[in-house]
Amino acid sequence: MIIQLKSTVSNERMSELASSIKAFSIRYNEKNYLITGSGMKEVPAAIESDVEHHWVFANDMQLSSKKFQSEKRVVKIGSVEIGGNTNNTILIGGPCSVESEGQIRQSAELLVGLGLTTLRGGCYKPRTSPYSFQGLGLEGLKLLAKMREEFGLSVITEARDATHIDEIIAYSDVIQVGAKAMYDQGILRACAKTQKPVLIKRGFGTTLQEFVQAAEFVLSGGNQNVVLCERGIRTFETGTRFTLDLCGVAWLQEHTNLPIILDPSHAMGYAYGVAPLAKACVAMGIDGLLIEAHPDPSVAKSDASQQLNHQEFGALLNALRPVAESVGYKIV
Ligand code: PEP
Ligand code: MN
């Protein structure tokens, strides 16, 4: 249940009420709310006089649900707003991993040259083998920060586990919680304590309900700047790396108030399919796209087969603009 308190309720009283009914308390859009599990169906009699309004839910999709707030949330990624009525589709580019200063500078130059604003690169890579490149760690974060400084780009990078979440928060403009890390409550709870936008990727075996519940950890903990990212789920099919769940995207658009970014690169796993998939994604009227691009994909230290080269990335941007326009959106 979400309980909106009367504006006359003091902060002190709000804390008392929250602990008396074991609720989370948040301030959102200038209003104070208490949030309990969806098992609570009636406002407790003892607090009735403090309550302005309340919402009852069938399950724990609460703050993220259209039933609570029908308008899509606005989230600011650096200087760009997505969601709400902006009709912006942000194109986030960059390599899978930050590998060297020369490489990430080329990525930054590519984006700036194309008029884009947001650079993504992994520094702590959640690899499936301990023998693969694990990322440059803090050194990579410092390179991203340098690119932000030199080029005025916003940067987004992934938290692999809770041990370095503070570093990620300090160095990035958007925190990416990866498909393998989205159940990590240390990460989710830490993301709730900052106001930086958090991009949560759907795990490849994660139901839509579990996905939005991961977002609820961040929202109920006090950070309202959450964006969901569909990046492919595992099916019986092995010809492609994963299966991009566009049905799931339609479901999220129908039932949640969170902006949605799609990642066809990780879903497909092969560069040849990324552009056609990206067009299909944009045609759904989405808030953003995450596309991996590398100055020379053949030598990439991770996800080499799916990264576009820079010429392909530029061509994709041009091809996406009319698709976005046809559904009333613009690529930014
Ligand atoms: C990535 O974004 O490079 C990545 C590892 O993605 P995912 O968490 O979706 O596998
Ligand atoms: Mn990758």
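Donors to a metal are taken here as N, O and S atoms within 2.8 Å of it, and because water is not among the atoms, a site may look incomplete. The model described is a predicted one.

**The metal site**

Along the chain, the donors of the manganese ion (ligand 2) follow the spacing C-x169-H-x25-E-x10-D. Histidine 266 lies in helix H8 (residues 264–268) and glutamate 292 in strand S14 (residues 288–292), so this pair ties together parts that are 26 residues apart in sequence. The coordinating atoms are Cys96 (SG), His266 (NE2), Glu292 (OE) and Asp303 (OD), at 2.1 to 2.3 Å from the manganese ion. Histidine 266 is buried, with a relative accessible area of 8%, and glutamate 292 counts as buried at 0% relative accessibility.

**The ligand 1 site**

The residues around ligand 1 include Cys96, His266 and Glu292, together with Arg120, Lys125 and Lys201. The shell around ligand 1 divides into two nonpolar, three polar and six charged residues.

| Residue | Distance to an oxygen atom of ligand 1 |
|---|---|
| Lysine 125 | 2.9 Å |
| Lysine 201 | 2.8 Å |
| Histidine 266 | 3.0 Å |

Of the 300 Å² of accessible area that ligand 1 has on its own, the protein covers 94%.

**Helix H5**

In helix H5 (residues 185–192), the buried residues are Ile187, Leu188, Ala190, Cys191 and Ala192. These buried residues of H5 pack against several elements, among them strand S9 (154–159), helix H4 (165–171) and helix H6 (208–220). The N-terminal end of H5 is capped by aspartate 184, a side-chain oxygen of which lies 2.8 Å from the backbone nitrogen of glycine 186.

Note on methods:
Residues numbered from 1 in each chain as written. Chains lettered and ligands numbered in written order. Predicted model: local features only at pLDDT ≥ 70, side-chain atom pairs only at ≥ 80, totals over all residues. Heavy atoms only, no water. Buried < 20%, exposed > 50% of the residue type's maximum accessible area, 1.4 Å probe, protein only. Helix = DSSP H or I, 4+ residues; strand = E, 2+ residues; numbered from the N terminus. Contact = heavy atoms within 4.5 Å. Polar contact = N/O pair within 3.5 Å; in protein donor to acceptor, adjacent residues only side chain to side chain. Donors = N, O, S within 2.8 Å, 3.2 Å for Na, K, Ca; no water. Near = heavy atom within 4 Å. Areas by Shrake-Rupley, 256 points an atom, 1.4 Å probe, with all protein chains shown as cover. Nonpolar A, V, L, I, M, F, W, Y, C, P; charged D, E, K, R; others polar.
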